[in-house]
Amino acid sequence: MRIDGKEYYPGPVISGGRIFYDKEAGTQVVISEAQQLRLALQLRLLDDSPFQELSASRRQTLKTDLGTFTPDERGVALARARFMLKLDKVQPAHLRSKKKIINRIIDEIWANKNIFLKSKPTARQVRTWYRIFVAAGRDIRALVPCHWAKGRRGDRYSEWAVETVNRLINEKLVTPTPSSFRQVRMLADLELRREAARRGEKLERGGEEIDCIGEKLVSRMLRARDKFGVMVETTNLREAQRRASAIQLGPQGDCVNHEWEVDHTPLDILVIDEETLQVVGRPWLTAILDRYSRCIMGFSMSFAPPSWASVMDALRVAVMPKDWVFEGFKKLGNGQSGIHNSWECYGRPDRLIMDHGRDFKSLSMEETLNALQIEPDYTKPKKPWLKGKIERWFRTLEEQIIHTIPGTVFSSVDRRKFYKSEKFAVLTIYELNWVVAKWVIDIYHQNPHGKIGRPPAQAWREGLREITPHREVPKNLLVPLTGLIVPRALRDGGIRFKGLRWDSPEFSRARAYLPDSADVQVRIDPLDISVCHLYDEKREEWVEGELIEPVEARGVTLNQWRTISRLRDRKIKEQKLSREEATAQAYKEIGQYVQDRVNERLKGMAPKRFAAFVSSGSAWAKMHDERFDEDHDPPSGHPLEFDDSDKRGLPKRAPFKEPRRRTFQSDEKLPSAEDYARDQEIQQETAEQAPQDVVISPSAPERKRKRKPRDTSSDPKSTSDAAPPSKPQAPNGSAGISPPASEPPSGSKGDDDDDDDDDITPLGYGRD
């Protein structure tokens with residue numbers, strides 16, 4: 001049963017009435033018989049059948065909050081309710097269905113002209129509204145028009161077509177690498193036509209034959225799916241849970257200097273070089289924020305990517321008083337800092353909130369936090385709201401100041417599509433650093449914060465009254481601590497690291513109490529490598545050393561020096577490769593030159609004596625200047641002496657050629673007296689027939705040989721043309737010297753065709 005539209009179970013009858021159990025709340029009420037009769041006459045106590053006859057869309061509106069409907073839908077419902085309330089007062093209840101009474105009520109209400117309906121309702125419409133109104137327990141939400149439920153709600157496609165489209169959605173859309181809706185729709189058309197041809201059916205939609213599915217079918221079917229399940233398939237369970245979870249506010253902080261947040265971001269602006277005025281890129285900003293007051297404790301700006309060096313620099317600014325900041329700006333601004341408010345925020349936090357970046361987990365970071373007695377707190381992965389204060393501040397900085405400066409790159413591609421950031425960049429990194437400091441101190445700290453309702457500077461001052469201020473960190477302790485920890489060996493030359501060397505008298509004192517090459521702890525300031533600090537265990541303090549070499553590294557950062565070192569090493573390597581390539585090319589050219597000469601002059605093997613003779617001089621001789629006059633006689637052989645009676649004009653000098661020497665075998669017999677006489681004869685004959693330009697060395701030793709007499713009977717030409725032999729001479733020192741015969745005409749041969757007679761070497765001097 002339903003009482004005023006609420007479902008009840010009728011219970012047992014008791015004295016004075018009956019028990020009814022509330023189905024939703026689980027409570028029970030006792031209604032007397034007279035009250036039951038009165039409720040029934042007023043149509044407030046009904047059975048459940050009229051409610052079950054309501055449409056599903058109407059029952060859905062009864063579960064929906066009235067405020068979620070559109071203003072037009074709410075206006076129509078309230079206008080219909082005016083007719084229902086007027087009709088509900090008609091007694092007895094059976095008269096409420098009379099057309100005459102309903103028309104009178106319609107005319108009375110419509111005469112006011114202040115109703116949110118487009119047309120005057122009919123009696124039948126009002127009767128239908130009242131039936132729904134009573135069945136829903138007089139709930140005004142039942143009068144809301146259900147236009148959204150109109151139309152055909154069934155599947156217009158066949159079952160196999162819907163299954164095919166769902167399969168393609170699973171394969172092509174619900175994946176980590178989804179395709180486009182257009183591609184899936186084209187594949188679905190192809191698959192459906194093939195499947196229809198295989199089944200022998202036609203592709204239909206609502207009974208009508210079609211060639212392709214609707215353009216919105218794929219997106220509508222995907223939208224009807226469980227969104228969380230789709231996110232799990234396209235990403236993973238953790239990401240789906242993160243997207244589906246509620247956005248959390250995150251911790252707010254209990255007091256000042258209790259919790260600090262630190263993070264990095266690249267600024268959306270291009271800056272130029274101070275000297276060349278060329279665009280150098282986007283700088284990185286590392287900032288530290290106090291959770292309670294939202295004050296910026298310190299920041300660091302540089303071109304170096306996020307690292308422990310930028311965190312150390314920002315932490316150094318955060319824990320120290322900021323007087324030096326204003327003094328530094330005065331130097332840059334010709335005696336004026338340009339900042340009108342003070343920056344009073346400094347101290348030491350109890351906890352430093354960080355993510356899991358490598359720069360936050362370095363040994364230097366851990367040692368510094370331990371020395372400053374700061375507890376590191378790493379946020380859980382994939383939970384950005386645990387460190388959302390600093391992230392939101394980065395967005396505020398970009399929107400309020402960075403995106404208004406010439407040279408900004410904005411935060412989206414659409415905004416910078418027609419803006420040439422490189423053309424309008426005008427600020428250097430030092431000028432941009434002043435702009436950010438000016439905005440933080442004079443604007444951000446002085447204006448009310450949207451969350452805490454007061455300026456961050458005011459919240460800082462008020463928060464200091466509630467806590468005991470932290471002790472100020474001594475500068476001589478902070479500078480050595482906020483640096484890179486490097487275990488090195490202390491040698492006679494000092495400390496060496498990355499091609500750098502530091503030394504000082506303080507290092508010498510520490511070295512005096514340590515063994516040779518002792519391992520020590522060294523801290524290097526990443527922003528200024530001109531000095532480094534060494535921990536002296538005997539005096540229990542940090543001592544300072546100066547950079548000795550290279551001198552050009554003074555005043556640069558460690559990151560700059562590493563870059564310079566890499567470039568230098570690469571240049572040296574390139575030069576080495578260039579030298580090696582040049583050497584290899586030279587060897588190649590030498591080999592090619594020699595091969596070309598070999599190809600040009602490929603002949604038989606020359607005698608070794610010839611090679612020794614022609615190569616005995618220097619190879620540079622051809623490149624020397626001429627040492628003799630052109631008229632000077634060229635050098636030649638040994639001088640020759642002839643008899644005055646000789647009329648032939650012979651040159652006084654001739655080329656020298658060493659005669660071939662004969663080698664006697666061990667079993668060869670010595671020449672006899674007859675052989676000697678025969679040799680003398682042959683020698684005399686040969687001397688008479690020798691060419692004019694042949695000179696026989698007088699210093700060549702004589703050697704007797706055994707020779708057979710020549711048989712001239714078989715050679716008629718030699719018999720007729722040969723010159724008569726001369727008279728033999730006695731064997732003495734001048735036996736081998738005789739005037740040469742006249743030179744035969746050009747192109748003619750000698751009197752004898754024997755090769756032995758044509759040889760320029762006399763017999764007995766190495767000739768076989």
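Aspartate 22 and lysine 6 form a salt bridge, and their closest N and O atoms are 3.1 Å apart. This pair links distant parts of the chain, with aspartate 22 in strand S3 (residues 17–22) and lysine 6 in strand S2 (residues 6–14), 16 residues apart. Welcome to this structure, which is a predicted model: local features need pLDDT of at least 70 and side-chain atom pairs count only at pLDDT 80 or more, while totals for chains, interfaces and linings use all residues. Residues are numbered from 1 along each chain as its sequence is written, and side-chain values use heavy atoms, with hydrogens and water left out.

- A salt bridge here is a side-chain nitrogen of Lys or Arg within 4 Å of a carboxyl oxygen of Asp or Glu.
- Buried stands for under 20% relative accessible area, exposed for over 50%, and partly exposed for values in between (1.4 Å probe, protein chains only).
- Helices (H or I, at least four residues) and strands (E, at least two) are DSSP runs, numbered from the N terminus.

**Salt bridges**

- A search of the whole structure turns up 30 salt bridges.
- In the pair that opened this briefing, aspartate 22 counts as buried at 5% relative accessibility, whereas lysine 6 is partly exposed, with a relative accessible area of 35%.
- Arginine 2 pairs with glutamate 7 in another salt bridge, where the closest N and O atoms are 3.8 Å apart.
- Arginine 138 is partly exposed, and its relative accessible area is 22%.
- Glu259, Glu261, Arg291, Arg351 and Asp377 are linked in a network of salt bridges.

**Patches on the surface**

- Patches are made of residues with over 30% relative accessible area and no salt bridge; like charges are joined within 9 Å, and nonpolar side chains (Val, Leu, Ile, Met, Phe, Trp, Tyr) within 5 Å.
- For charges, Lys and Arg count as positive and Asp and Glu as negative, while His and the chain ends are not counted; the place of a charge is taken as NZ of Lys, CZ of Arg, CG of Asp or CD of Glu.
- Accessible areas come from the Shrake-Rupley method with a 1.4 Å probe, and for residues only the protein chains shown count as cover.
- A patch of positive charge on the surface gathers Arg156, Lys216, Arg220 and Arg223.
- Tyr587, Ile590, Tyr593, Val594 and Val598 make up a nonpolar patch on the surface, and together they have about 550 Å² of accessible area.
- Tyrosine 587 is part of helix H21 (residues 558–600) and counts as exposed at 62% relative accessibility.

**Two strand residues to look at**

- Threonine 286, in strand S11 (residues 284–290), is buried, with a relative accessible area of 2%.
- The side chains of threonine 286 and serine 310 are joined by a polar contact of 3.5 Å.
- A polar contact is a pair of N or O atoms within 3.5 Å; within protein, one must be able to donate a hydrogen and the other to accept it, and residues adjacent in sequence count only if both atoms are side-chain atoms.
- Proline 376 lies in strand S14 (residues 375–378) and is partly exposed at 34% relative accessibility.
- Between the C-alpha atoms of proline 376 and isoleucine 353 there are 6.5 Å, although these residues are 23 apart along the chain.

**Backbone features**

- Most residues other than glycine have a negative phi, and most peptide bonds are trans.
- The peptide bond from glutamine 91 to proline 92 is cis, with omega near -5 degrees, and proline 92 is placed in the loop between H4 and H5.
- Another cis peptide bond runs from glutamate 549 to proline 550, with omega near -5 degrees.
- Leucine 43 is not a glycine, yet has a positive phi of about 60 degrees.
- Phenylalanine 410 has a positive phi of about 60 degrees without being a glycine, and is buried, with a relative accessible area of 12%.
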